[in-house]
Amino acid sequence: DSEEEAKEPKRVEEKMGFLRIKKEDERGNGKLRYFILQGSTLHYYKAGHRDETLGSFELAYAVPTPAEGDMCDFFLSYRKRVYVLRGTSPEEVEEWVGAIRTHNRGELGAKLAGYLSKKPKYLGEWQRRWFVLHDSALTYYE
């Protein structure tokens, strides 16, 4: 076994810890998951089960944004979805947001994300939408 372990390169784990995660439109506190930020990917696992990845975010497509109001939350815009991640303290959230931004260096990486109001072209009321600014495009999601 030790010879096999010596042949395999060691994984570099840059940041890890527990966070709660839920989709933005879900109610409740979210599910507790173990996160590992490794290179340009953020993986998450069922609490206590690091052998099977439940999901991952390619950071080239992800934008972390601190939440206004609750300082223990931050939003993670990923492709066409927005997730709410919750840490245990504002300092922990600041560390995660900073680490994700540091590793989000892909050419598709978004620069800024947040809510803005958008008025339909013809008729209708202003609508709150999640916008993501990339190098050459501003995209919004319902």
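**Figure 1. An aromatic cluster in the predicted model.** Ring pairs join Phe35, Tyr44, Phe57, Tyr78, Tyr83 and Trp96 into a cluster, where rings of Phe, Tyr and Trp (its six-membered ring) are paired if their centres lie within 6.5 Å, with planes under 30 degrees apart counted as stacked, over 60 as edge-to-face and the rest as tilted. The structure is a predicted model, in which local features need pLDDT of at least 70 and side-chain atom pairs count only at pLDDT 80 or more, while totals for chains, interfaces and linings use all residues. Residues are numbered from 1 along each chain as its sequence is written, and side-chain values use heavy atoms, with hydrogens and water left out. A search of the whole structure finds six aromatic pairs.

**Figure 2. The ring pair of phenylalanine 18 and tyrosine 34**. These two rings form an edge-to-face pair, at 4.9 Å centre to centre and with 65° between the planes. Because phenylalanine 18 belongs to strand β1 (residues 15-23) and tyrosine 34 to strand β2 (residues 31-38), the pair ties together parts that are 16 residues apart in sequence; helices (H or I, at least four residues) and strands (E, at least two) are DSSP runs numbered from the N terminus. Phenylalanine 18 counts as partly exposed at 38% relative accessibility, whereas tyrosine 34, at 13%, counts as buried. Buried here means under 20% relative accessible area, exposed over 50%, and partly exposed in between, for a 1.4 Å probe and protein chains only.

**Figure 3. Phenylalanine 35 and tryptophan 96, with lysine 15 over the tryptophan ring**. The ring centres of phenylalanine 35 and tryptophan 96 are 6.3 Å apart and their planes stand at 70°, so the pair is edge-to-face. Since phenylalanine 35 lies in strand β2 and tryptophan 96 in helix α2 (residues 90-103), the pair ties together parts that are 61 residues apart in sequence. Both phenylalanine 35 and tryptophan 96 are buried. The charged end of lysine 15 sits over the ring of tryptophan 96, 4.8 Å from its centre, under the criterion that NZ of Lys or CZ of Arg is within 6 Å of the ring centre and within 35 degrees of the ring normal.

**Figure 4. The buried and exposed sides of helix α2**. Helix α2 has 14 residues and reaches 20 Å from its first C-alpha to its last, close to the expected 20 Å, the expected span being 1.5 Å times one less than the number of residues. Glu92, Val93, Trp96, Val97, Ala99 and Ile100 are buried in α2. They cover an arc of only 165° around the axis, which puts them on the same side of α2; the arc is that of the directions from the helix axis to the C-beta atoms. On the other side of α2, Glu91 and Glu94 are exposed. The cover over the buried residues of α2 includes β1, β2, β3, β5 (62-66) and β6 (73-78).

Figure 5. Leucine 76 counts as buried, at 0% relative accessibility. Leaving aside neighbours within four places in sequence, leucine 76 is in contact with Leu42, Phe57, Ala62, Val63, Pro64, Arg81, Val82, Tyr83, Leu85 and Ile100, contact meaning heavy atoms within 4.5 Å. From C-alpha to C-alpha, leucine 76 and threonine 65 are 6.4 Å apart in space, and they are eleven residues apart in sequence.

**Figure 6. Histidine 43 in strand β3 and glutamate 58 in strand β4**. Histidine 43, in the strand that spans residues 41-46, counts as buried at 18% relative accessibility. Apart from neighbours within four places in sequence, the contacts of histidine 43 are Tyr34, Phe35, Ile36, Gln38, Thr53, Gly55 and Ser56. Glutamate 58, in the strand of residues 49-58, is partly exposed with a relative accessible area of 40%. With neighbours within four places in sequence again left aside, glutamate 58 is in contact with Ser40, Tyr78 and Arg79. The C-alpha atoms of glutamate 58 and histidine 43 are separated by 8.8 Å, the two residues being 15 apart along the chain.
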